[in-house]
Amino acid sequence: HGFGGEDLLPPERDWEAMDYSPPEVKENPSITMDDVKNFIIEYVKNDQLGRIANAHLVQADLNEEGAKCDKCIKLAELHSLAVDFPKTGVIPTMSAELRPP
């Protein structure tokens with residue numbers, strides 16, 4: 001028995017993997033407590049992961065191409081940067097055009 005909802009599945013099931021090469025990691029050989037404090041403050045101020053993920057969902061819902069539209073591809077790249085932000089210190093910036101209406 002099949003699941004009976006084949007019409008609900010997307011016509012294309014396999015997509016080519018995207019390449020998200022990580023940015024260069026900022027290294028500091030001697031970390032002080034001030035460095036830790038400053039990192040936490042910057043992380044809290046600049047954490048964009050949730051906003052980027054929500055924008056991706058909205059843009060995919062609004063576009064006929066779904067998650068394959070140009071805005072979603074850019075948002076997926078930003079999402080990858082946002083996930084790596086604690087390791088790299090690179091702050092992702094979401095432009096106004098990528099924000100949901």
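In the predicted model, the mean positions of the 10 positive and 19 negative charges of the protein chain lie 8 Å apart. The accessible surface of the protein chain amounts to about 7900 Å², and carbon and sulfur atoms account for 55% of that surface. Of the 101 residues, 21% count as buried.

The protein chain contains 3 helices and 0 strands, and its elements, read along the sequence, follow the pattern α-α-α. The radius of gyration of the protein chain is 18 Å, well over the 13 Å given by the globule rule for 101 residues, so the chain is more spread out than a compact globule. Taken along the principal axes, the box filled by the C-alpha atoms has dimensions of roughly 60 × 35 × 20 Å. Among the contacts between residues at least 6 apart in sequence, 63% join residues that are at least 24 apart.

Aromatic side chains provide examples of links between separate parts of the chain. The number of aromatic pairs comes to 3. In one of these, phenylalanine 39 and phenylalanine 85 are stacked, with 6.4 Å from centre to centre and 25 degrees between the planes. Because phenylalanine 39 belongs to helix H1 (residues 33–46) and phenylalanine 85 to helix H3 (residues 70–88), this pair ties together parts that are 46 residues apart in sequence. The two partners can also be described by their accessibility: phenylalanine 39 is partly exposed, with a relative accessible area of 35%, whereas phenylalanine 85 is buried, with a relative accessible area of 4%.

Phenylalanine 85 also forms a stacked aromatic pair with tyrosine 43, for which the distance from centre to centre is 5.6 Å and the angle between the planes is 10 degrees. This pair, too, links distant parts of the chain, since tyrosine 43 is located in helix H1 and phenylalanine 85 in helix H3, 42 residues apart. Tyrosine 43 has a relative accessibility of 30% and therefore counts as partly exposed, the range for that class lying between 20% and 50%. Taken together, ring pairs join Phe39, Tyr43 and Phe85 into a cluster.

Glutamate 97 is situated in the segment after H3 and, at 45% relative accessibility, counts as partly exposed. When its neighbours within four places in sequence are left aside, glutamate 97 is in contact with Gln59, Lys71 and Lys74.

Aspartate 61 is found in helix H2, which spans residues 49–62. With a relative accessibility of 69%, aspartate 61 counts as exposed, a class that begins over 50%. Aspartate 61 and phenylalanine 39, a member of the ring cluster, are separated by 22 residues in sequence and by 35 Å in space, C-alpha to C-alpha.

Note on methods: Residues are numbered from 1 along each chain as its sequence is written. This is a predicted model: local features need pLDDT of at least 70, side-chain atom pairs count only at pLDDT 80 or more; totals for chains, interfaces and linings use all residues. Side-chain values use heavy atoms; hydrogens and water are left out. Rings of Phe, Tyr and Trp (its six-membered ring) pair if their centres lie within 6.5 Å; planes under 30 degrees apart count as stacked, over 60 as edge-to-face and the rest as tilted. Helices (H or I, at least four residues) and strands (E, at least two) are DSSP runs, numbered from the N terminus. Buried means under 20% relative accessible area, exposed over 50%, partly exposed in between (1.4 Å probe, protein chains only). The radius of gyration is taken over C-alpha atoms; the globule rule is 2.2 Å times the number of residues to the power 0.38. Contact means heavy atoms within 4.5 Å. Accessible areas come from the Shrake-Rupley method with a 1.4 Å probe; for residues, only the protein chains shown count as cover. Lys and Arg count as positive and Asp and Glu as negative; His and the chain ends are not counted. The place of a charge is taken as NZ of Lys, CZ of Arg, CG of Asp or CD of Glu.
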